[in-house]
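Thanks for coming. Please bring up the model.

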Amino acid sequence: YLAGRGLSEATQKHFGCGVIKEWYTPSIRPKIASGELRIAASPRVIIPTSGHSYLARDIRPKEKLNDYEKGYTKMKVGSGHEFNWHILKKAKGPVFITEGEIDAMSLYEAGQKQSLGLGSTAYVNHFLDYLKEHHPPESVTFAIVLDSDAPGRAANDKLIAGIKEQGYMAVDAADVLLPGTKDANESLTKDPKVFRETLNKKVKDLTKIQKKESARGGR
C-alpha cells in the first residue's frame, strides 16, 4: 500500500511502519474475543505517531468498502499524535509541516528530512502549544504545506499566524505542490523527480531569506 503511494521501503522502515492483517479497534477487542460483537477485521498499515500512539490505515481499495467501513478508513489509537515533532529539538533551517502523516513521509522521501505531520487540521493548537513548550532553535524556518482544500487553507493561515506570534519565521509553502495535486503525497506520486526539484529550490530560497533575516537581527 505505501509503496503504491510512492514511499520506499527505507522510508517506511525509518518511520517504523508495519502491517496488521486482521485489525480491530482496541476498545472493542474484548467484545470480539467474547463473541459479544461480530465485526469483520480489516487489514491495516500501522504508522506510529508517537511512543504511545499510532494511525491504523485501511489498505483495501475504497470500492471494496461498504458505507460504514468508508467512515473508518483512518483510525487513530492512543494519545499525543505528534508525528515526527521530536525533530524540532535539533532542527536547523527549514522545517516542513504537512497535514497528514503520509504527506510528511512523502516530503522525507523527496529528500526533505525535516518534515513533520500535524495529523489533522484539528491539531493546530496542539502543535502551537508543543512549539511553545519545547523551544526549537531560533534558526528554524517553518514551511507550511497543508492540503489545498478549504479546511487545509484555513488551518494553514491559523498555523502561520500562531507560529509568528511565538517569534519564529513561517511561510506558506503551498507552491511546492505540483499543479493538479492537493497534497504532498499526490505531488510525489505524480512526478517524484519534479517534486524533489521543486522542494530543493524552496529550501534554497528559504535559506537565503533566513540568512537575510539573521543579518538584520530578526528571525
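What volume does the second largest pocket have? The second largest pocket comes to about 310 Å³. A word on the basis: this is a predicted model, where local features need pLDDT of at least 70, side-chain atom pairs count only at pLDDT 80 or more, and totals for chains, interfaces and linings use all residues. Residues are numbered from 1 along each chain as its sequence is written, and side-chain values use heavy atoms, with hydrogens and water left out.

By pocket I mean an open set of points on a 1 Å grid over the protein atoms alone, where a 1.4 Å probe fits, with protein on both sides within 12 Å along at least five of seven lines; lining residues have an atom within 4 Å of a point. Points are joined across faces, edges and corners, and the volume is the space filled by probe spheres set on them.

The second largest pocket is lined by 16 residues, and Ile 39, Ala 40, Arg 44, Tyr 68 and Tyr 72 are the closest to its centre. Strand E2 (42-50) and helix H3 (67-70) each give at least two lining residues; helices (H or I, at least four residues) and strands (E, at least two) are DSSP runs, numbered from the N terminus. The lining splits into 9 nonpolar, 3 polar and 4 charged residues. Here Ala, Val, Leu, Ile, Met, Phe, Trp, Tyr, Cys and Pro are nonpolar, Asp, Glu, Lys and Arg are charged, and the others, Gly among them, are polar.

Now the largest pocket, at about 400 Å³. Its lining has 18 residues, with Arg 5, Lys 74, Gly 100, Asp 103 and Asp 147 nearest the centre. Strand E3 (53-58), strand E4 (74-78), helix H4 (101-109) and helix H7 (184-190) each contribute two or more, and the largest share, 3 residues, is from H4. By class, this lining holds 2 nonpolar, 4 polar and 12 charged residues.

On to the sheets. One is open and antiparallel, with 4 strands in the order E1-E2-E3-E4; strands pair if DSSP finds at least two bridges between them. Strand E1 (18-23) and E4 are the edges, each pairing on one side only. E2 and E3 share 6 bridges, and Ile 46 stands opposite Ala 56 in E3. H4 lies across E2, E3 and E4, at about 70° to E2. Contact is heavy atoms within 4.5 Å; angles run from 0 to 180 degrees between N-to-C directions of axes fitted to C-alpha atoms, for helices over the stretch in contact.

Glu 101 forms a salt bridge with Lys 76, the closest N and O atoms being 2.7 Å apart; the criterion is a side-chain nitrogen of Lys or Arg within 4 Å of a carboxyl oxygen of Asp or Glu. Glu 101 is in helix H4 and Lys 76 in strand E4, so the pair ties together parts 25 residues apart in sequence. The structure holds 10 salt bridges.

The other sheet is open and parallel, with 4 strands in the order E6-E5-E7-E8. Strand E6 (115-117) and strand E8 (169-172) are at the edges with a single partner strand each, so one side of each has no neighbour in the sheet. Strand E7 (residues 140-145) and E8 pair over 4 bridges, and Phe 142 has Ala 170 in E8 as its bridge partner. Helix H6 (residues 150-165) packs on this sheet, touching strand E5 (93-98), E7 and E8, and its direction makes about 160° with that of E8.
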